[in-house]
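Good morning, colleagues. Please look at the sequence and the model on the screen, and I shall then take you through selected features.

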Amino acid sequence: MPLTGLYSADELIISGARGPEFVEMPTSTNDHDRKTFAMTSSDSSRRDFLKTSAYSAGVLGAASRVAAGTAAASSSANAKIRIGFVGPGGRGFGAHVKRLTKLQLEGQPIELVAVCDVYSEHRDRAASYIEKETGNAPDKYEDYVEMYEKANLDAVCIGTPDHWHAKQAIDALNAGLHVYCEKPMTKTVEEAIAVMKTWQKSGQVMQVGVQSTSLPLWNEVNDLLTAGTLGKVLMYQTEFFRNSAQGQWRYYELDSKMNPKNINWKKWLGVEEGLADYEDFDRAVYRQWRRFWPYGSGMFTDLFVHRTTSMLKATGLRFPARVVGAGGIYLEYDGRGVPDVATVVADFPEGVQGLVTATMGCQDTPIKQLIRGHFGSFVFGTGEKFDGFDHVPERPQVTRNSKLKEERITTEGVDDTTYAHFKNWVEAMVANDPGMCNNDPALGAAAITTVILGARSYREGKVFHFDGDTHTIGDGNSSWADQWEARSKERGKPNHIAGWKAGDHGSLLEEPDYMKLAGPWKDGKDPASS
């Protein structure tokens, strides 16, 4: 698939914003933009080192990536990772540009060398900020493909609207670049699987921008869960409630500078790339695109994906097996398409159910975020500020352990999860180790599959089944319930989360003596009399 251009963005720090666009190389570009694609031998050596894959034993990289051994890595201590930005608008600027600028100034081996946006105001703002802070002026592009080809990059940060993420990420991976992609990783399930598979083949480092996954908390919780602290894990529930006087995402202000003279609207839409149908330019669509289905999926992908990813990381769950969504637009009648009340319920093959729910019209009474097991629950706060969580055991009549008491389990807090997430990505690139990322595309694909199937269920009125082995979607039927009923009749044992080490602890029912009286009376004979 040939590379094609796009990018731009627009939104606030809360989750990310941008917008895309494409055009021929503008006449205002500098000499670096017009230079030939050829690299000098020293450039090539530097990139060979930086592109060395942790999967080098047998994984084929993209055609543009030159293979290099570990010796090359150790001998190139002065090499720096050259990073470009696609869509440095709202979050693309406030999070991507600013955090990586901070990391560069702190001495991390990175250089911010190029910015690309379809909106000239965003492009110029990002470039000016980088130059002011670092003393080096990045090259400016309007076409991300041109930036990928000409800027001699090692890595790219993608901060465009959702409908562009998959294409730009796949193009980058195929060009041999490391990737940071703002959440959600993609707009559709099919795109998520494509990105995941491309990443797996590439050997490149890719981080998906759910910054809460860089909290140490979730790995600690997973250790406790797999050790059997809660017994059989049964459920998680989470939330992302919000409220505003204007309506969700309408607090992103419109500006007269947002117009077709400054924004390549057709490219932002992605008409030629088949990403969206053409519609007339509208500042509200550009700036507040999360309200509209062609470009985003409202709270499903802007908010639910945050909490869902954290719960998947904590439990070790990945792809769901059955998903249903519900909701509606019950308050925000402002022309939006996405709901202001929504819930997703996902059932997983490990025998665990997940629930995420919220309204955009009430914020101060959210449900608790927690994980439930047969012997107790872990109860967390909301948001990303954690210094610990509560272990609430079930009563001794269930656990058969009178020593269990409610306790506070402390954990290391993180002041700036976005900074920590970008630092994790940089450290993974320096180590050439894709496995170091706290939110790689395998986790990203599982999370987006969960929330997007919920969104589709709401819109299409269907229950969806998902096969985690073949990565295929099917309509709901009785097979999900049938399998559990059959297991119960056979007196089977529960499934468990990945990494379970606790045997049958907290996973089996007691059999009271009086249950010996149970059973069908065949030919009128009491089964207990035999």
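Predicted model: local features only at pLDDT ≥ 70, side-chain atom pairs only at ≥ 80, totals over all residues.

Glutamate 272 counts as exposed, because its relative accessibility is 61%. By exposed I mean over 50% relative accessible area, by buried under 20%, and by partly exposed anything in between, with a 1.4 Å probe and protein chains only. The side chain of glutamate 272 meets that of lysine 266 in a salt bridge, at 3.6 Å from N to O. A salt bridge here is a side-chain nitrogen of Lys or Arg within 4 Å of a carboxyl oxygen of Asp or Glu. Lysine 266 itself counts as partly exposed, at 41% relative accessibility.

Residues are numbered from 1 along each chain as its sequence is written, and side-chain values use heavy atoms, with hydrogens and water left out.

Let me stay with the salt bridges. How many does the structure hold? There are 23 salt bridges. One of them joins glutamate 239 to arginine 307, with 3.7 Å between the closest N and O atoms. Glutamate 239 lies in strand S7 (residues 233-239) and arginine 307 in helix H12 (residues 299-315), so this pair ties together parts that are 68 residues apart in sequence.

Another salt bridge links arginine 336 with glutamate 332, whose closest N and O atoms are 3.2 Å apart. Arginine 336 is buried, with a relative accessible area of 7%, and glutamate 332 is buried with a relative accessible area of 7%. These two belong to a network of salt bridges that links Arg250, Arg291, Glu332, Asp334 and Arg336.

I turn now to the chain as a whole. Its secondary structure comes to 16 helices and 16 strands. Of the 530 residues in the chain, 55% are buried. The chain exposes about 22,300 Å², and carbon and sulfur atoms supply 50% of that area. Accessible areas come from the Shrake-Rupley method with a 1.4 Å probe, and for residues only the protein chains shown count as cover. Among contacts between residues at least 6 apart in sequence, 73% join residues at least 24 apart.

Helix H7 (residues 162-174) is mostly covered, with 12 of its 13 residues buried. Among the buried residues are Trp164, His165, Lys167 and Asp171. Just after H7, glycine 176 takes a positive phi of about 80°.

Next, helix H8 (residues 189-202) packs against helix H15 (residues 441-460) at an angle of about 175°, their axes being 9 Å apart. H8 is therefore roughly antiparallel to H15. The residues of H8 in this packing include Met196 and Trp199, and those of H15 include Ile448, Ile452 and Leu453.

I come now to the backbone. Most residues other than glycine have a negative phi, and most peptide bonds are trans. Which peptide bond is cis, with omega near -10°? That bond runs from lysine 183 to proline 184. Proline 184 lies in the loop between strand S5 (178-182) and H8.

Asparagine 152 has a positive phi, near 55°, although it is a residue other than glycine. Asparagine 152 is found in the loop between helix H6 (144-150) and strand S4 (155-158), and it is buried, with a relative accessible area of 7%. Arginine 400, also not a glycine, has a positive phi of about 60°. Its place is the loop between helix H13 (396-399) and strand S14 (407-410). Is arginine 400 buried or exposed? Arginine 400 is exposed, at a relative accessible area of 55%.

I end with valine 379, in strand S12 (residues 376-380). At 15% relative accessibility, valine 379 counts as buried. Valine 379 and aspartate 390 are 11 residues apart in sequence, and their C-alpha atoms are 5.1 Å apart in space.

Notes: Axes fitted to C-alpha atoms, helices over the stretch in contact; angles between N-to-C directions. Helix = DSSP H or I, 4+ residues; strand = E, 2+ residues; numbered from the N terminus. Parallel < 35°, antiparallel > 145°, perpendicular 65-115°, else oblique. Contact = heavy atoms within 4.5 Å.
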